[in-house]
There are 2 protein chains.
Amino acid sequence: MTRLEDAARADALAWAEARGWAHDGERDAITKTFRFKDFAQAFGWMTRIAIVADKMDHHPEWANVYNRVEVTLVTHDANGLTELDMTLARAMEDAAA
Amino acid sequence: MTRLEDAARADALAWAEARGWAHDGERDAITKTFRFKDFAQAFGWMTRIAIVADKMDHHPEWANVYNRVEVTLVTHDANGLTELDMTLARAMEDAAA
């Protein structure tokens with residue numbers, strides 16, 4: 001899995017930024033804070049994503065406090081964003097919708 | 001729910017520190033990083049704790065990266081440690097054992 005480059009990279013970042021993700025240039029990661037009604041909604045979302053992530057063998061960095069989940073996506077082996085991160089980001093958006 | 005004081009506080013911190021928790025004096029919180037075999041084990045543990053926490057209506061601050069879960073316990077309403085934090089800490093230790 002190689003880092004996104006050129007047009008694929010620009011398209012991915014445009015898609016992410018339109019949905020409230022920020023790009024961390026130092027790590028070449030994307031980050032977003034998802035907010036839910038309460039803890040049960042937040043953890044339920046995390047559980048859906050955990051199953052997707054483990055099946056992909058590609059895991060988020062995430063932190064939860066009550067109804068908030070702060071997510072960072074990056075592919076450590078590639079030192080930056082890959083298609084795996086975008087697939088997981090799409091799953092997160094779909095599950096939060 | 002009031003902050004732990006005096007002997008109850010000393011006992012609670014001694015119990016926690018013997019199990020690898022650190023005391024954050026600034027927040028009067030306790031913190032620990034739990035490590036598991038893999039993501040599924042880590043998230044399975046989180047799920048058990050999530051159910052306990054939501055039933056207590058007392059939630060951890062926690063961050064997960066693959067097989068690690070960094071936990072902070074504090075009672076915001078009390079600006080420090082209470083018996084709720086110790087109950088949740090015991091549940092975490094039991095579920096990780």
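This is a predicted model: local features need pLDDT of at least 70, side-chain atom pairs count only at pLDDT 80 or more; totals for chains, interfaces and linings use all residues.
## Basis of the model

Local features need pLDDT of at least 70 and side-chain atom pairs count only at pLDDT 80 or more, while totals for chains, interfaces and linings use all residues. Residues are numbered from 1 along each chain as its sequence is written, chains are lettered from A in the order in which they are written, and side-chain values use heavy atoms, with hydrogens and water left out.

## The interface

In this model, 15 residues of chain A are in contact with 15 residues of chain B, where contact means heavy atoms within 4.5 Å. The buried area is about 1,300 Å², with 72% from carbon and sulfur atoms; this is the accessible area (1.4 Å probe) lost on being put together, summed over both parts. On the chain A side, Phe39(A), Phe43(A) and Trp62(A) lose the most area to chain B, together 38% of what that side buries.

Two residue pairs are in polar contact between the chains, both at pLDDT 80 or more; a polar contact is a pair of N or O atoms within 3.5 Å, of which, within protein, one must be able to donate a hydrogen and the other to accept it, and residues adjacent in sequence count only if both atoms are side-chain atoms.

## Asn64(A)

Asn64(A) counts as buried because its relative accessibility is 0%, buried being under 20% relative accessible area (1.4 Å probe, protein chains only). The side chain of Asn64(A) makes a polar contact with the side chain of Trp62(B) at 2.7 Å, and also reaches the backbone oxygen of Arg68(A) at 3.0 Å. Leaving aside residues up to four places away in sequence, Asn64(A) touches several residues, including Phe39(A), Pro60(B) and Glu61(B).

Notes
Buried means under 20% relative accessible area, exposed over 50%, partly exposed in between (1.4 Å probe, protein chains only). Buried area is the accessible area (1.4 Å probe) that two parts lose on being put together, summed over both.
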